[in-house]
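Okay everyone, thanks for coming.

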Amino acid sequence: AKGGDTHARTASGMFGEVTRDTRAQAKTINFAILYGISRWGLAKRLESTPEEAQQLIDAYFKRFPGISAYIQETLASVKESGFTTTLFGRKCWFPRISSQSQAERQGSERAAINAPMQGTAADIIKRAMARMDAVLADAGLSEVQMLLQVHDELVFEAPEALVERAIPVIRSVMAGAAEPAISLSVPLEAAVGTGTSWGAAH
């Protein structure tokens, strides 16, 4: 909400300092834990031992108890109802959440923990895509073409003369994509990069 860096904040909370290495580790831990990763999986990603990885997981949940509460509440809810929902109300079903097979059950649990967040992100980008052409046309930017979606990114092709005019329009549509259906407590920000290719735009 204050425009801070989530991964840097995690690095500061867990390691006491923010460096390129601690931020990279924090980013790995942030995503891994929300995917329900095991200590063995985290150890592999961090190139550490399972014991060291477990210590990091324990420290993470101690430092950020709200994350642990979210995971426990989500799992309790999905085991009762069989599904999770995105912030927009779209359901994702998990019929194997109580499977006798440990692999199936744990896989469903990992997916259920992640689904409300990743599903909400998918809803938001789809809402932006659905609105984009009309908004660009209304702004006199019909020559700006939306080509591709890559996760939370949209790739456009535009005549060079229209790029600067298109940037605030595209940014506004993406940042406001959740509204009016829901009002997010944390504002969305959309970064824009330009270049002669998608790679150059990064």
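**Salt bridges, cores and a hairpin**

Let's begin with Glu 109, which is buried, with a relative accessible area of 16%. The cut-off for buried is under 20%, so Glu 109 makes it in. Before I go on, please remember that this is a predicted model.

So what does the side chain of Glu 109 meet in a salt bridge? It's the side chain of Lys 79, at 3.3 Å from N to O. Glu 109 sits in helix H6, residues 102-138, and Lys 79 in helix H5, residues 65-81, so this pair ties together parts that are 30 residues apart in sequence. Lys 79 itself is partly exposed, at 43% relative accessibility.

Helix H6 comes up again in another pair. Asp 123 and Arg 90 join their side chains in a salt bridge of 2.7 Å, N to O. Asp 123 is in H6, while Arg 90 is in the loop between strand E1 (83-85) and strand E2 (91-93), so here the parts being tied together are 33 residues apart in sequence. Buried or partly exposed, what is Asp 123? With a relative accessibility of 9%, Asp 123 counts as buried. Arg 90, on the other hand, is partly exposed at 38%.

Now over to the start of the chain. Arg 23 and Asp 5 also form a salt bridge through their side chains, 2.9 Å from N to O. Arg 23 belongs to helix H2 (residues 20-34) and Asp 5 to the segment before helix H1 (6-15), so that pair ties together parts 18 residues apart in sequence. Arg 23 is partly exposed at 28%, and Asp 5 is partly exposed too, at 34%. If you count up the salt bridges in the model, you get four.

While we're at this end, look at His 7, which is found in helix H1. His 7 counts as buried, with 14% relative accessibility. Its side chain makes a polar contact of 3.0 Å with the side chain of Asn 30. Leaving out neighbours within four places in sequence, His 7 is in contact with Arg 23, Ala 26, Lys 27, Asn 30 and Phe 31.

Okay, on to the greasy parts. In soluble globular proteins, nonpolar side chains tend to be buried together. In this model, the largest nonpolar core has 18 residues. Those with the most contacts inside that core are Met 132, Leu 136, Leu 141, Val 144, Ile 170 and Met 174. Which elements give two or more residues to this core? Those are H6 and helix H7, residues 163-175. There's also a second, separate core of 16 residues, and Ile 29, Ala 32, Ala 53 and Ile 71 are among its members.

Let's stay with H7 for a moment. Helix H7 has 13 residues and reaches 18 Å from its first C-alpha to its last, close to the 18 Å expected at 1.5 Å a residue. Its buried residues include Ala 166, Ile 167, Val 169 and Ile 170, and the buried residues of H7 pack against H6 and E4. Met 174 is one of the buried residues as well. If we leave aside neighbours within four places, the contacts of Met 174 include Ile 125, Ala 128, Met 132 and Leu 188.

Leu 162 is buried, at 12%. Not counting residues up to four places away in sequence, Leu 162 touches Leu 141, Glu 143 and Val 144.

And what about E4? Strand E4 runs antiparallel to strand E3 (residues 145-150), and five bridges join the two. Leu 148 stands opposite Val 155 in E4. The hairpin of E3 and E4 has two residues between the strands, and His 151 there takes a positive phi near 55 degrees.

Let's zoom out to finish. The protein chain has eight helices and four strands. Its C-alpha atoms fill a box of roughly 55 × 40 × 30 Å along the principal axes. Of the 202 residues, 31% count as buried. And among contacts between residues at least 6 apart in sequence, 48% join residues at least 24 apart.

Methods. Residues are numbered from 1 along each chain as its sequence is written. This is a predicted model: local features need pLDDT of at least 70, side-chain atom pairs count only at pLDDT 80 or more; totals for chains, interfaces and linings use all residues. Side-chain values use heavy atoms; hydrogens and water are left out. Buried means under 20% relative accessible area, exposed over 50%, partly exposed in between (1.4 Å probe, protein chains only). A nonpolar core is a set of buried Ala, Val, Leu, Ile, Met, Phe, Trp, Tyr and Cys residues joined through side-chain atoms within 4.5 Å. Contact means heavy atoms within 4.5 Å. A polar contact is a pair of N or O atoms within 3.5 Å; within protein, one must be able to donate a hydrogen and the other to accept it, and residues adjacent in sequence count only if both atoms are side-chain atoms. Two strands pair if DSSP finds at least two bridges between them. The expected span of a helix is 1.5 Å times one less than its number of residues.
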